[in-house]
Amino acid sequence: MKIELHRLDEVNARLTLIVEYADYASKLDENIKKYSKKLNIKGFRAGKTPKSVLSKMYGKGVLEETVAAIMNEQLFDYLKEQDIQIFGSPLLSDLAEPLEFELKTPKDYTFIFDLGLKPDFTLAYNLDQPVEVSIPEVDLSGIDDNIIRYRRLFGNDETVTDGTVQAFDKVGLLLDRTTEPNGIIDEPVDIVVDLEHVTGTATESLTGLAIGAILDLELEGFMGQERSVILKNTLYLDEDPAPDTPLAFKATLTSISRPQRTPLTGEQLSKLTGHQVEDEARFREMLERREQDSIKSRVNDMKKMAVRLALIQANPFIIPEDFLLRWINQQRDKKIENHTRESRQLMRDAGWAMLLNRIADQEGLEVSENDIRKQMTQWIVQNVNYMQTDIRKLMDQLYANEYFMSNMKENALEEVVFAHMIPKFRFEENVVTEEAFETAFHDLHHQIFDHGDHDHHHDHQEHDHSQGEHEHSHG
């Protein structure tokens, strides 16, 4: 056996491995004998087929299997013994000559592989440098507005008989045709306009009016809806009988219904939340805790990204991008083009995965089964309708999915590393408005994940990492 490693550059190498006749001769005879015991060939007793017959019929295939097995064993033993860290798996080089397996003439077989090497560098943290992060100012005043909105949504409406229309009321109207028949309706139609949700001029037109008031209106502008929606949902018409005629009506105000403005009762709140709540004071405490938890979670996400960026900047290295792309594309039906956003994401994930593993090795961190289960539970909560899914069956399927479990392990490793590393860093916290925090959050996210190629008009939830969105290329 001859093995020679030639480093092409810092992260690429070419390995030549020669399997000599002496390496495989005895193993070939042994494998042919094993075949003879398994085969029943007409004209020969079981296990008594002559070697010459077996060699003629199956020898070429057995030779190829034997040489390939020895080559694989020696290749990976060599990489382990020499502590050569690689991405993915070795790829047969384009320089390798096609192999012709021949039994009649003993010969050596030469394999040439391309290797993608993991870069050698000294891990740095730069813990003496503070990491700047934005922190949203805590403003709980919006909870009062939410409680008032909950009263409107989940409280009991009050019928107003002596008064005028106010904001958020539900107003009953009787629609009748204008003086000239317009062909839209034959009989008056009763409708209810919810001023909390209407987007047209209805609120402006109705506020301050009392029951019995009469006004002329054009429904499209009044409701702020498309004509087709009004015809179907307000006038209950399947077709437009007069497409060129404005939806002009004389409307009589027939009723006013006002959403609850008094505090929600314990019974109402318990029905709303699904568990026992004594009163609005307790409800407010619950909303405050939820808001505080949300802020804490967002700040933690911000710190994770800031630490990730700090680690990346403190540890500059290159990876074998061309090799990785070849290796990934050999496993895919749909190939990834070079210099695309998808290929950049692949390289980014490969580098980060390598950095995570390097940190875990240096810090002595390990991923437990419990860490992986937490990631699986989180994935199920985010992606599965558990009311319509056999969770036990799903879990069995997920555990059997090697690619999915690889994702879960990497996500778990990331959480373990962050939990260990974040307390080591010193943060310079800048308190900003919630709007400024969201802008800073998005900018940092895109700096890490999209290389600056982004549109700011995104909701932050789209950036959550689904398990399985990226290839695993760290080997």
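Guide: Gladly; we will go through a helix pair, a strand and a lysine in this predicted model.

Visitor: Let's begin with helices. At what angle do helix 8 and helix 13 pack?

Guide: Two packed helices are described by the angle between their axes and by the distance between those axes. Here helix 8 (residues 280–314) meets helix 13 (residues 402–421) at about 90°, and the axes lie 11 Å apart. Angles of 65 to 115 degrees count as roughly perpendicular, so helix 8 is roughly perpendicular to helix 13.

Visitor: Which residues make the contact between them?

Guide: Helix 8 contributes Lys304, Val307 and Arg308, and helix 13 contributes Glu414, Glu415 and Phe418. Sorted by class, that contact holds four charged residues, two nonpolar ones and no polar ones.

Visitor: Helix 8 also contains Lys303. Is that lysine buried or exposed?

Guide: Lys303 has a relative accessible area of 17%. Buried means under 20%, so Lys303 is buried. Setting aside residues up to four places away in sequence, Lys303 touches Val133, Ile422, Phe427 and Glu429.

Visitor: In what sense does strand 9 pair with strand 10?

Guide: The pairing with strand 10 (residues 248–258) is antiparallel, over five bridges. For a spot to look at, find Asp216, which stands opposite Lys250 of strand 10.

Terms used:
Residues are numbered from 1 along each chain as its sequence is written. This is a predicted model: local features need pLDDT of at least 70, side-chain atom pairs count only at pLDDT 80 or more; totals for chains, interfaces and linings use all residues. Side-chain values use heavy atoms; hydrogens and water are left out. Axes are lines fitted to C-alpha atoms, for helices over the stretch in contact, and angles run from 0 to 180 degrees between N-to-C directions. Helices (H or I, at least four residues) and strands (E, at least two) are DSSP runs, numbered from the N terminus. Angles under 35 degrees count as roughly parallel, over 145 as roughly antiparallel, 65 to 115 as roughly perpendicular and the rest as oblique. Contact means heavy atoms within 4.5 Å. Ala, Val, Leu, Ile, Met, Phe, Trp, Tyr, Cys and Pro count as nonpolar, Asp, Glu, Lys and Arg as charged, and the others, Gly among them, as polar. Two strands pair if DSSP finds at least two bridges between them. Buried means under 20% relative accessible area, exposed over 50%, partly exposed in between (1.4 Å probe, protein chains only).
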